[in-house]
Amino acid sequence: METGFTPFEPQPLAEDLPGTFPSPFDEGPPHALARRAAELLQGELRAGHIASGIAASCLDTSEGGKMFGVLVVQAPDGRVGFLRAFSGMLAGRWDLPGFVPPLFARHEREQLEPAGEAQVKRLLAREEAFRTSTELTSVVAQHDALTTSHAAARAALRTTHDARRKQRHARRADISASALLGEEEKRAALHALDQESRGDKAELRRLEAAHAEEQRALTPRRVRLERRLRAMERLRRIVCRALMKRLHDTYGVPNARGERRPLRSLYPGGEPPSGAADCAGPKLLAHALTLGLRPLALAEFWWGAPPPSGGRASGAYYPACKDKCGPLLPYMLDGLRVSAPRPFVPPALASRELDLVFEDEWLVVVDKPEGLLSVPARDASVEDSVLARLRARYPGEPGPMLAHRLDLDTSGLLVAARDPRTYTALQRLFAGRQVHKRYVAWVEGDVRGERGTIDFPMRVDLDDRPRQIHDPVHGKPAVTEWHVLERRDGRTKVALFPLTGRTHQLRVHAAHPLGLGAPIVGDPLYGHPGTRLHLHAEALEFQHPVTGQRITLERPAPF
């Protein structure tokens with residue numbers, strides 16, 4: 001039948017079909033039929049097969065795996081099956097047998113891309129040749145060496161002047177206190193010291209003038225060469241943007257009403273992000289709508305090694321990305337009945353009473369249960385939280401204020417101050433790493449080694465909040481020490497000691513290949529969802545900011 005259409009065997013019952021198309025932006029598990037289709041594709045990948053001549057092992061390299069997608073569809077004859085796709089290119093190819101084609105007009109792109117890419121490569125090569133040329137590097141090296149020597153000379157002279165200034169200060173004191181000198185003699189001696197001071201200032205001005213003269217020969221030349229380099233970079237960026245616009249114009253985006261719009265018209269300013277419309281979801285919907293197949297449900301999952309930035313686990317399902325697909329998919333689905341994205345609803349907790357571990361007139365420590373927010377949700381959709389419950393417990397007090405936070409899915413010890421002064425003191429303790437925290441976690445797999453330190457920078461994934469990713473350029477430092485406590489049934493129990501407090505730090509450090517390479521059990525963001533996240537803040541030790549007492553608290557994990 002249609003290219004890429006795989007019918008279910010046996011066919012699902014009518015009551016098993018979704019009544020509305022599930023929102024592609026849902027964080028929860030996909031529809032049962034979409035999951036059935038995904039598991040069929042995952043079975044093929046697990047067996048090592050992608051397409052003729054391409055083994056699934058290509059997804060296990062350091063470059064990371066790939067996002068795959070399946071779209072459950074109904075053919076005009078009533079048969080239900082699914083289409084399959086991968087995001088972007090796979091093994092350097094846009095087209096693979098059994099997978100849907102890309103969204104762009106092939107003939108137009110083939111006319112544009114080779115010549116455009118060749119031009120960009122030529123500009124990039126010219127830019128790189130100039131950046132590494134002897135003409136530029138020698139001037140930069142000479143100028144930097146001169147700047148360094150000038151700084152050293154100024155520092156040496158400043159040291160000499162500082163020593164002289166101290167000597168003059170002592171001599172001024174001696175002269176003023178001397179009973180042997182007359183007033184006229186004192187004035188003359190103090191005037192001589194003032195002249196010495198002026199001499200030092202004049203010496204500094206002469207040095208700076210000499211430096212300026214030496215710089216005058218090199219600085220304009222360096223400025224001129226670097227301006228030329230920036231012009232090359234600017235030209236390359238202009239050509240790249242122009243090429244990208246022309247490539248984007250090869251995409252015609254259909255929707256379920258039978259309409260079609262240019263890709264750029266769907267994004268603010270007409271500038272789609274890189275890779276827009278190349279994700280699996282848009283490719284699947286476009287192919288289904290073009291062939292007259294009725295979309296029923298979508299699922300996207302990662303397969304293979306995690307990407308260098310982390311944040312993906314093989315076999316885990318993920319919602320459509322908001323940055324690339326946020327403006328695109330609603331247009332493509334227009335004309336279908338689509339379910340609204342499921343709102344976040346925290347799990348129901350058996351009790352609203354907080355488990356207090358420590359309490360005095362200045363601070364309180366609670367054992368936060370899994371599933372309770374530390375603070376109310378930003379959009380006020382969920383008000384129940386540790387903070388809200390503490391404020392209800394201490395009405396009329398200026399606090400309480402949480403000194404730190406735990407993720408919704410993390411349980412364990414949490415400290416709050418009952419007044420602003422204690423809060424400020426606790427903040428200083430946390431900032432100065434004087435609060436010793438120990439977490440315990442079960443992670444998937446057999447962790448290599450017995451102990452170590454994980455140290456790599458992190459930042460939020462701007463395309464997929466609230467996930468955090470590894471970014472060696474723009475990330476903030478994140479350091480965690482760890483050691484193994486137990487190994488059992490293909491899992492490892494570890495103690496984790498965060499030395500910094502980045503969002504999701506322990507979860508990312510556990511899952512990323514640069515860390516333990518083993519996601520925490522039950523982690524829906526960086527691993528695979530389960531009954532709960534197996535991460536617990538089990539111990540705290542710090543000096544009481546008011547009494548000076550050493551506080552040592554421990555509460556074992558409930559899993």
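This is a predicted model: local features need pLDDT of at least 70, side-chain atom pairs count only at pLDDT 80 or more; totals for chains, interfaces and linings use all residues.
## The four-stranded sheet

Four strands, in the order E1-E5-E4-E8, form an open sheet whose pairing is antiparallel. Its edges are strand E1 (6–7) and strand E8 (294–303), each of which pairs on one side only. The link between E1 and strand E5, which covers residues 80–86, consists of two bridges, and these two strands run antiparallel. Within this pairing, Pro7 has Gly81 of E5 as its bridge partner.

## Strands E14, E17 and E18

Strand E17 pairs with two strands described here. With strand E14 (residues 451–455) it forms five bridges in the antiparallel sense, and in this pairing Asp455 stands opposite Val479 of E17. With E18 it forms eight bridges, again in the antiparallel sense, and here Arg487 has Thr492 of E18 as its bridge partner.

E17 and E18 make a hairpin with two residues between the strands, in which Asp489 adopts a positive phi near 55°.

## Nonpolar cores

The largest nonpolar core holds 37 residues, and those that touch the most other members are Val386, Leu390, Leu402, Val443, Leu496, Leu516 and Leu535. Two or more residues each are given to this core by strands E10 (363–368), E12 (411–417), E13 (436–444), E17 (479–488), E18 (491–498) and E19 (535–543), as well as by helices H8 (386–393) and H10 (505–511). Of these elements, H10 contributes the largest share, namely four residues.

The surroundings of Val443 can be followed in some detail: leaving aside neighbours within four places in sequence, Val443 is in contact with Arg491, Thr492, Val494, Ala510, Leu516, Ala518, Pro519, Ile520 and Val521. Among these contacts is Thr492, the residue named above as the bridge partner of Arg487. Apart from this core lies another, of 35 residues, which includes Phe21, Val73, Leu266 and Ala280.

## The second largest pocket

The second largest pocket has a volume of about 630 Å³. Its lining is made up of 28 residues, and Met67, Trp302, Arg312, Cys321 and Lys324 are the ones that lie nearest its centre. By class, the lining comprises eleven nonpolar, seven polar and ten charged residues.

Strand E4 (66–74), strand E8 and helix H6 (322–325) are the elements that give two or more residues to this lining. H6 gives the most, with three residues.

Notes:
Residues are numbered from 1 along each chain as its sequence is written. Side-chain values use heavy atoms; hydrogens and water are left out. Two strands pair if DSSP finds at least two bridges between them. A nonpolar core is a set of buried Ala, Val, Leu, Ile, Met, Phe, Trp, Tyr and Cys residues joined through side-chain atoms within 4.5 Å. Buried means under 20% relative accessible area, exposed over 50%, partly exposed in between (1.4 Å probe, protein chains only). Contact means heavy atoms within 4.5 Å. On a 1 Å grid over the protein atoms alone, a cavity is a set of points where a 1.4 Å probe fits but cannot get out, and a pocket is an open set with protein on both sides within 12 Å along at least five of seven lines; lining residues have an atom within 4 Å of a point. Grid points are joined across faces, edges and corners, and a volume is the space filled by probe spheres set on the points. Ala, Val, Leu, Ile, Met, Phe, Trp, Tyr, Cys and Pro count as nonpolar, Asp, Glu, Lys and Arg as charged, and the others, Gly among them, as polar.
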